[in-house]
Amino acid sequence: MSTPHINAAAGDFAKTVIMPGDPLRAAYIAEKYLSDARLVNNVRGVQGRTGTYKGRRLSVMASGMGMPSMAIYAHELFEFYGVENIIRTGSAGALSDGLQVRDVFAAEHAVTDSNSVEALGCSRGEKIPAHPSLLRALAQSGANVKYGGVFTSDIFYAGRDALLEEKALADAVDMETAMLYATAKRAGKKALAIFTVSDRPLTGEGLSADERERTFDEMIKIALDLAAAI
């Protein structure tokens, strides 16, 4: 079996995939946390690996940046490789005054002003939900996580006025989650996004690119423990 973007064989992916945006973060997770990790995809350098964590078979693969890239990988994993759960481990910019840099944050829902989700049966401005069973499992784990809504934007350098408008709608901003949730909803599968707050765009606080790649371990372990428990 192969798709235009994944050359894995049938059964190569576990039922649950941990999905950061950054391919280097995906490699870091697999190398540091998975036992017997095996490379199952290497199309366009977006490497997917499958191994075990706490005795549970798990996969890790990046989504790339932005909603179009997320739409490709989430769709192909759900529809062609039998994946049931995608747990995004990403970075987000804090909009709420209650979020600080390095906080771990889970998106109960995602909203976007992009027309792209309409192709998947959702609407601009709709609060597209995370799967409730994953949210419950995360809450029951007792992990130190804050919860709220995320605004998914197509434009990274949107400017202060756009950020203030987004702040009225959500607690944080990213570029992938609304598409992940819309794709999962259409496929009848499960998705949850867990973030490390990497910056506060309205104040200028933030982490370096290297810190974003290598210092998100608290979030990563929370996501892996959740994946091993479901």
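Leaving aside neighbours within four places in sequence, E166 is in contact with L95, F151, S153 and V173, where contact means heavy atoms within 4.5 Å. E166 is found in helix α4, residues 160-167. At 6% relative accessibility, E166 counts as buried. Buried here means under 20% relative accessible area, exposed means over 50%, and partly exposed is in between, with a 1.4 Å probe and protein chains only. For distance, take L34: E166 and L34 are 132 residues apart in sequence and 37 Å apart in space, C-alpha to C-alpha.

A word on where this comes from. This is a predicted model, in which local features need pLDDT of at least 70 and side-chain atom pairs count only at pLDDT 80 or more, while totals for chains, interfaces and linings use all residues. Residues are numbered from 1 along each chain as its sequence is written, and side-chain values use heavy atoms, with hydrogens and water left out.

Now the whole protein. There are seven helices and eleven strands. Helices (H or I, at least four residues) and strands (E, at least two) are DSSP runs, numbered from the N terminus. The radius of gyration is 16 Å, close to the 17 Å that the globule rule gives for 230 residues, so the protein is as compact as a globular protein of that length. That radius is taken over C-alpha atoms, and the globule rule is 2.2 Å times the number of residues to the power 0.38. The C-alpha trace spans about 45 × 35 × 35 Å along its principal axes.

Of the 230 residues, 54% are buried. Among contacts with a separation of 6 or more, 73% come from residues 24 or more positions apart. The protein exposes about 9,800 Å², and carbon and sulfur atoms supply 50% of that. Accessible areas come from the Shrake-Rupley method with a 1.4 Å probe; for residues, only the protein chains shown count as cover.

On charge, there are 25 positive and 28 negative side chains, and the centres of the two sets lie 6 Å apart. Lys and Arg count as positive and Asp and Glu as negative, with His and the chain ends not counted. Each charge is placed at NZ of Lys, CZ of Arg, CG of Asp or CD of Glu.

Next, the strands around β6. Strand β6 covers residues 104-112, and eight of its nine residues are buried. Which strands does β6 pair with? Two strands pair if DSSP finds at least two bridges between them. With β8, residues 146-152, β6 pairs in the parallel sense over seven bridges. A106 stands opposite Y147 in β8, and T112 has T152 as its bridge partner there. With β10, residues 190-200, β6 pairs in the antiparallel sense over three bridges; V104 has T196 as its partner in β10. Two bridges also join β6 to β7, residues 128-129, and these strands run antiparallel. In β7, the partner of A110 is I128.

Strand β8 is mostly covered too, with five of its seven residues buried. β8 pairs in the parallel sense with β9, residues 172-174, over three bridges. V150 has A172 as its bridge partner in β9.

Moving to helix α5, residues 177-187: is this helix enclosed or open? Eight of its eleven residues are buried, so α5 is largely enclosed by the rest of the structure. The buried ones are T177, A178, M179, L180, Y181, A182, T183 and A184. Just after α5, G188 takes a positive phi of about 70 degrees.

That brings me to backbone angles. Most residues other than glycine have a negative phi, and most peptide bonds are trans. Which residues have a positive phi although they are not glycine? One is D36, at about 55 degrees. D36 lies in strand β2, residues 35-41, and at 72% relative accessibility D36 counts as exposed. Another is R44, at about 60 degrees. R44 is found in the loop between β2 and β3, the latter being residues 48-53. R44 is exposed as well, with a relative accessible area of 70%.
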